[in-house]
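Hi,

Here is the structure I promised to pass on. Could you open it up and then read my notes alongside?

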Amino acid sequence: MSDPLTRFLDAVHDNDVDDVLLDTPVVQRAVKNLERYGEDLGENIEQKLKNPPPKPPVPTPDYKESAFVKPKQETTLYNVTNKEKDVPVVTTVSKIFKKASYSVRGLTASADYKQDDDRYSLYAGEKVGFGWGKSQGLTNKNLKAEYNVNNGKTNIEYSQSSPLHSYSISVFNQDSNNGLNAGYSNYKGFNSAFSIDKHSASLSCGYNKNYKDCNVELSAYATTGDKYSNPFAGVSGRITF
C-alpha cells in the first residue's frame, strides 16, 4: 500500500469512520440539504415533463466522453459534474474460490471476497486501496479508502443505498488541499451533489430518467470559482431517442 494512503488512513484509524463522518454536523446538514435540493428540483422537473420536453441546446457529456478526461488537479466543479459513477462494472466470478469475484471499472480492477453479509475488496490500477461493504435487508453500506496514483489524491468514502434512495459522503486530500464531497439520488431519477475545499465550492442538481421512447438528462450547476472569487452557473441537458 502506498505511503500517502497509509499516512492518511493512520489519521482516521478508527474502525467507525463512517459513523464519525455521519455524526459530523456539517455532513448531516449537507445530506439533508442535498436531499431537499434533489426532491425540490425533481418535483419541478416532473411537472414540466408531463408533456414531451424540447431538445436542450447544450448536451451533457456521458461517461464515455468525460469519465476518462480528468484534470490533474480535480476541482470541486469537476467533483460534482463528472460521470465516473456511470462507468460500467465488469464482474467475473472466481472459478477457484466460490466466495471471490473480480471486477473492473474504468482503469481500476478489484478483487472482492464475500463472507456472510460482509464484502471485502482490494483495488489496484489507477486507484489502489481497500473497501468494506455490508448488506442489511435491502440496504447496502460501503466504506472504501483509495489513493489515486496518477494525481496523488487520497479519498475515504462512505455510501449507503436502498431501492428508494442513496447517498455518499467522502473526505479527500490532494496536494495539502482537504475537502468534502457529498451526493444524493433517489428512485425517481433526481440527484444532487456538493463539493467543497479550500479553493472553491460547487453544487449540482440533475434529473435522469428513461421514458417509453426517450431518455432525459437535465442538470444545473453553480460554483464559487477558483479562490471563491469567480462565481458562475450553468445548465445543460440531453434527450436520447
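Below is what turned up, region by region.

One thing to keep in mind before anything else: this is a predicted model.

**The β12 and β13 strands**

I'd start with the aromatic rings. A search through the whole structure gives 2 aromatic pairs. One of them is Tyr221 with Phe232: the ring centres are 6.4 Å apart and the planes meet at 85°, so this is an edge-to-face pair. Tyr221 belongs to strand β12 and Phe232 to strand β13, so the pair ties together parts that are 11 residues apart in sequence.

**The loop between them**

Strand β12 covers 215-223 and β13 covers 232-240, and Lys227 is in the loop that joins the two. Have a look at the backbone here. Lys227 is not a glycine, yet its phi is positive, at about 60°. Tyr228 lies in that loop between β12 and β13 as well, and its phi is also positive, near 55°, again in a residue other than glycine. As for the solvent, Lys227 counts as exposed because its relative accessibility is 66%, and the cut-off for exposed is over 50%. Tyr228, at 40%, counts as partly exposed.

**Strands β8 and β9**

Next, which strand holds Tyr167? Tyr167 lies in β8, which runs over residues 165-174. Asn186 is in strand β9, residues 177-186. Along the chain Tyr167 and Asn186 are 19 residues apart, and their C-alpha atoms are separated by 8.7 Å. Buried means under 20% relative accessible area, so Tyr167, with 16%, is buried, and Asn186, with 15%, is buried as well.

**A charge over a ring**

Last item: where does the charged end of Lys153 sit? You'll find it over the ring of Phe172, 4.6 Å from the ring's centre.

Cheers

Conventions
Residues numbered from 1 in each chain as written. Predicted model: local features only at pLDDT ≥ 70, side-chain atom pairs only at ≥ 80, totals over all residues. Heavy atoms only, no water. Helix = DSSP H or I, 4+ residues; strand = E, 2+ residues; numbered from the N terminus. Buried < 20%, exposed > 50% of the residue type's maximum accessible area, 1.4 Å probe, protein only. Phe/Tyr/Trp six-rings, centres within 6.5 Å; stacked < 30°, edge-to-face > 60°. Lys NZ or Arg CZ within 6 Å of the ring centre and 35° of its normal.
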